[in-house]
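Please read it alongside the sequence and coordinates.

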Amino acid sequence: MLIAISLALLLVSLIPQIQSSSAKGGGSISAGQFNIVFSPGSITPQQEVQVDITVEGALTVYLLEINVRPQFINGTFDYGFNLTDLQELLEEHPEQIIWEREVENGEYKRNYVPSRLMNATVVVYNMGSEAATLDYDIALKSSLAPGDKVRTIAYFAAPIGVIMAVPWLLSGWKQRKQK
């Protein structure tokens, strides 16, 4: 039984992910400024955030556990989240920083699969004294089950199933020999 379950889990883990949403773009970020590049809202353990960022200059990339939605303010859409809010969050609530990485004249790739239901927002922040150029491609991919976790369970269940099946196979073999 465990062998069949582990094989089923392995098959489920091989089902490819589908892209639920994405953000591509780029531009210049002035010194002391930030940009919210991706804010899908809530994400689940069946979803994965894939970040690919190329920077000319120096920027810090954050994945924050916050939900920032655009609001219609004074005839335009704005996030209602300013530099003071970001600095306060970074200083006073470090537990909401899932990961951060300083990128200088290079490329940064990172995948993140949450372990629970949570909010997520990707922010790039220029703490330097010169403007930096940014190109990004960020995707939110959904799967039937978190592949790595399901494969791990299957890898443990299959050998346990084989070990548990050995006594049953031996008793069946002994009964056939007696007949």
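Among contacts in the protein chain with a separation of 6 or more, 89% join residues 24 or more positions apart. The model is predicted. The chain contains 3 helices and 8 strands, and the order along the sequence is α-β-β-β-β-β-α-β-β-β-α.

**Overall dimensions**

- The radius of gyration of the protein chain is 24 Å, whereas a compact globule of 179 residues would have one near 16 Å.
- Along the principal axes, the C-alpha atoms occupy a box of roughly 85 × 35 × 30 Å.
- Buried residues make up 34% of the 179 residues in the protein chain.

**Helix 2**

- Helix 2 spans residues 83-92, and its residues Leu 86, Leu 89 and Leu 90 are buried.
- These three lie on the same side of helix 2 because they cover an arc of only 95° around the axis.
- An α-helix has 3.6 residues a turn, so residues three or four places apart point the same way.
- The cover over the buried residues of helix 2 includes strand 2 (34-43), strand 3, strand 6 (97-112) and strand 7 (118-125).
- On the face of helix 2 turned away from its buried side are the exposed residues Thr 84, Glu 91 and Glu 92.

**Gln 47 in strand 3**

- Gln 47 belongs to strand 3.
- With a relative accessible area of 14%, Gln 47 falls under the 20% cut-off and therefore counts as buried.
- Leaving aside residues up to four places away in sequence, Gln 47 touches Ser 20, Ser 42, Tyr 112, Val 113, Pro 114, Leu 140, Lys 141 and Ser 142.
- The C-alpha atoms of Gln 47 and Leu 63 are 15 Å apart, and the two residues are separated by 16 positions in sequence.

**Largest pocket**

- The largest pocket holds about 220 Å³ of space.
- It is lined by 16 residues, of which Gln 17, Glu 48, Pro 146, Gly 147 and Asp 148 are the closest to its centre.
- Two or more lining residues come from each of helix 1 (2-13), strand 3 (47-64) and helix 3 (147-178).
- Helix 3 supplies the largest share of the lining, with 4 residues.
- By residue class, the lining of the largest pocket has 6 nonpolar, 6 polar and 4 charged members.

Definitions and conventions: Residues are numbered from 1 along each chain as its sequence is written. This is a predicted model: local features need pLDDT of at least 70, side-chain atom pairs count only at pLDDT 80 or more; totals for chains, interfaces and linings use all residues. Side-chain values use heavy atoms; hydrogens and water are left out. On a 1 Å grid over the protein atoms alone, a cavity is a set of points where a 1.4 Å probe fits but cannot get out, and a pocket is an open set with protein on both sides within 12 Å along at least five of seven lines; lining residues have an atom within 4 Å of a point. Grid points are joined across faces, edges and corners, and a volume is the space filled by probe spheres set on the points. Ala, Val, Leu, Ile, Met, Phe, Trp, Tyr, Cys and Pro count as nonpolar, Asp, Glu, Lys and Arg as charged, and the others, Gly among them, as polar. Buried means under 20% relative accessible area, exposed over 50%, partly exposed in between (1.4 Å probe, protein chains only). The arc is that of the directions from the helix axis to the C-beta atoms. Contact means heavy atoms within 4.5 Å. The radius of gyration is taken over C-alpha atoms; the globule rule is 2.2 Å times the number of residues to the power 0.38.
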